[in-house]
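Student: I would like to learn how to read a few features of a protein model. Can we go through them one by one?

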Amino acid sequence: MTTAPLSSSSSTAAGSLLIDEFYSSKSLSPALLHSLLQRLLSHPRIHNGFVDILQLPSVQSALENMDEAKRDSLIATVKLFAFGTIQEYLELKEKNGDAVWTLTDAQLDKLRMLSVVSVARRGRIKSSQKTDVDMIPSDYHAAVNNNASLSIPYAHLAAELQITPVGTPFNDKDHMRQLEDVLIQCVYSNIIAGKLDQASKAFVVESHVALQDQQQQSSSSSLGMKQKADGANKSTTTSNTVHGSLLSRDIDTTTAESTNNEVKRMISTLEQFLSSSNKLLSSLEDISNVSASLRKEDEKRWRN
């Protein structure tokens, strides 16, 4: 797998300079735009915002000066990195080799990493409460563990990332090393929070937002109030948990259906954040009230 020669900090700085080139240029020739986009799609620290680049006036002007076939190919390629997958890329190349650019090894590695995010997001199903939470689909043959994490089998990931040819079963000798290299790079690049579970041959996507029910214990005694305060610091994870990546891919507004799905997902996510925040606020208020009661009890004892 291709790795970036730059350190994390220098690579990030180089990425910022590259983005600045798009925004600072009043006009771009088609050749310069092509060159900048090649660098953008290859950059190891830039994983989203691709659609925004296409909307810049200088980019739009350059696109207007390109012939239709080249313009369509360029846009299709950028959109693959915005919200597409490696599987979609290979399908497009098979149907029409000129429909998208031929990607370099570094770009293929990057698209595979972004595809891992998409695979994890597709692990979502609607809960019984109709909230958009990440669960394990039945075809994954996996379950949510005590940490509310999402477990994706290596075989499923390898197939989605086109590491195993169609119809070829996953095997450790031929496929595990390449798959784990991609997953390790995903974690080190901070685009997804997860870990390798070689025992079960699965990638475990860690939860990053958990909606929790705070344990409540009531007692009128000082000891009871202390127990309640201790209990408020402990939590039991419910089924309402958002699993997933740390990376938010670009919003797909190419069709009315995809736009509607994206809006629903964002609304659902915001609702869950609101619910989580309210529960946290309620927990903090309970702790504050318990602490105030304990302080009053202590003051009474000292006065007596």
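This is a predicted model: local features need pLDDT of at least 70, side-chain atom pairs count only at pLDDT 80 or more; totals for chains, interfaces and linings use all residues.

Student: How many helices and strands does the protein have?

Tutor: There are 11 helices and 7 strands.

Student: What share of the residues is buried?

Tutor: Of the 304 residues, 38% are buried. The protein exposes about 16,900 Å². Carbon and sulfur atoms supply 51% of that area.

Student: And the contacts in the protein?

Tutor: Take those between residues at least 6 apart in sequence. Of these, 66% join residues at least 24 apart.

Student: Now the hairpin. In which sense do β4 and β5 pair?

Tutor: Antiparallel, over 4 bridges. Strand β4 covers residues 194-197 and β5 covers residues 202-205. Asp-197 stands opposite Ala-202 in β5.

Student: Which residue between these strands takes a positive phi?

Tutor: Lys-201, with phi near 55 degrees. The hairpin has 4 residues between β4 and β5.

Student: How do I describe a pair of aromatic rings?

Tutor: Give the distance of the centres and the angle of the planes. Here the count comes to 2 aromatic pairs. One of them joins Tyr-154 and Phe-170, at 6.2 Å centre to centre with 65 degrees between the planes. An angle over 60 degrees counts as edge-to-face, so this pair is edge-to-face.

Student: Where in the chain do Tyr-154 and Phe-170 lie?

Tutor: Tyr-154 is in helix α8 (residues 154-160). Phe-170 is in the loop between α8 and α9 (172-188). The two are 16 residues apart, and the pair links distant parts of the chain.

Student: Are these two residues buried or exposed?

Tutor: Both Tyr-154 and Phe-170 are buried.

Key. Residues are numbered from 1 along each chain as its sequence is written. Side-chain values use heavy atoms; hydrogens and water are left out. Two strands pair if DSSP finds at least two bridges between them. Rings of Phe, Tyr and Trp (its six-membered ring) pair if their centres lie within 6.5 Å; planes under 30 degrees apart count as stacked, over 60 as edge-to-face and the rest as tilted. Buried means under 20% relative accessible area, exposed over 50%, partly exposed in between (1.4 Å probe, protein chains only). Contact means heavy atoms within 4.5 Å. Accessible areas come from the Shrake-Rupley method with a 1.4 Å probe; for residues, only the protein chains shown count as cover.
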